[in-house]
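Subject: Structure handover

Dear colleague,

Here is the structure I promised to pass on to you. Please have it open while you read the notes that follow.

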Amino acid sequence: QVQLVESGGGLVQAGGSLRLSCAASGRTFSTARMGWFRQAPGKEREFVAAIRWSDGTTSYADSVKGRFTVSRDNAKTTVYLQMSSLKPEDTALYYCALRHYGSSEYNYWGQGTQVTVSS
């Protein structure tokens with residue numbers, strides 16, 4: 001089993017920045033990828049960003065490219081999401097997720113951290 005704990009959410013004005021953290025514990029030795037997703041009220045959960053654990057290759061949703069940066073700390077098995085130039089439409093519950101090698105889907109999910117961007 002893997003436990004994921006997100007932190008760093010909060011209320012910020014449009015144009016501001018926040019950094020989210022997600023610490024993984026437990027059976028993390030076979031981590032292939034960690035990602036960030038978000039879900040706004042009344043909307044489906046959507047992909048935000050992900051990072052390949054082996055080499056740090058990153059991917060982003062078009063809506064956040066150039067504004068968000070995903071990074072990792074291998075030693076701490078922690079993934080970060082640096083969010084800049086935040087917009088009201090970035091308001092959502094942000095989740096981190098972990099995928100094991102050999103899996104086509106994310107296997108574990110955190111509880112989420114709320115990000116609210118005021119205009």
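A contact here means that heavy atoms lie within 4.5 Å. On that basis, residues 24 or more positions apart account for 52% of the contacts in the protein with a separation of 6 or more. Please bear in mind that this is a predicted model, in which local features need pLDDT of at least 70 and side-chain atom pairs count only at pLDDT 80 or more, while totals for chains, interfaces and linings use all residues. Residues are numbered from 1 along each chain as its sequence is written, and side-chain values use heavy atoms, with hydrogens and water left out.

As to the fold, the protein has zero helices and eleven strands, where helices (H or I, at least four residues) and strands (E, at least two) are DSSP runs numbered from the N terminus. The C-alpha trace spans about 40 × 25 × 25 Å along its principal axes. Its radius of gyration, taken over C-alpha atoms, is 14 Å, which agrees with the value near 14 Å for a compact globule of 119 residues, the rule being 2.2 Å times the number of residues to the power 0.38.

Of the 119 residues, 45% count as buried, meaning under 20% relative accessible area, with exposed being over 50% and partly exposed in between (1.4 Å probe, protein chains only). The largest nonpolar core has 29 residues, and those with the most contacts inside it are Leu4, Trp36, Leu81, Met83 and Tyr94; such a core is a set of buried Ala, Val, Leu, Ile, Met, Phe, Trp, Tyr and Cys residues joined through side-chain atoms within 4.5 Å. Among the elements that give two or more residues to this core are β1 (2-7), β4 (31-39) and β9 (92-100). Leaving aside residues up to four places away in sequence, Leu4 touches, among others, Cys22, Met34, Cys96 and Trp109.

Val5 lies in strand β1 and is exposed, with a relative accessible area of 53%; beyond four places in sequence, Val5 touches Ser21, Cys22 and Ala23, and its C-alpha is 8.0 Å from that of Ser21, which is 16 residues away in sequence. Gly112, by contrast, sits in the loop between β10 (108-109) and β11 and is partly exposed, at 23% relative accessible area. Not counting residues up to four places away, Gly112 touches Glu6, Leu93, Tyr94 and Tyr95.

With best wishes
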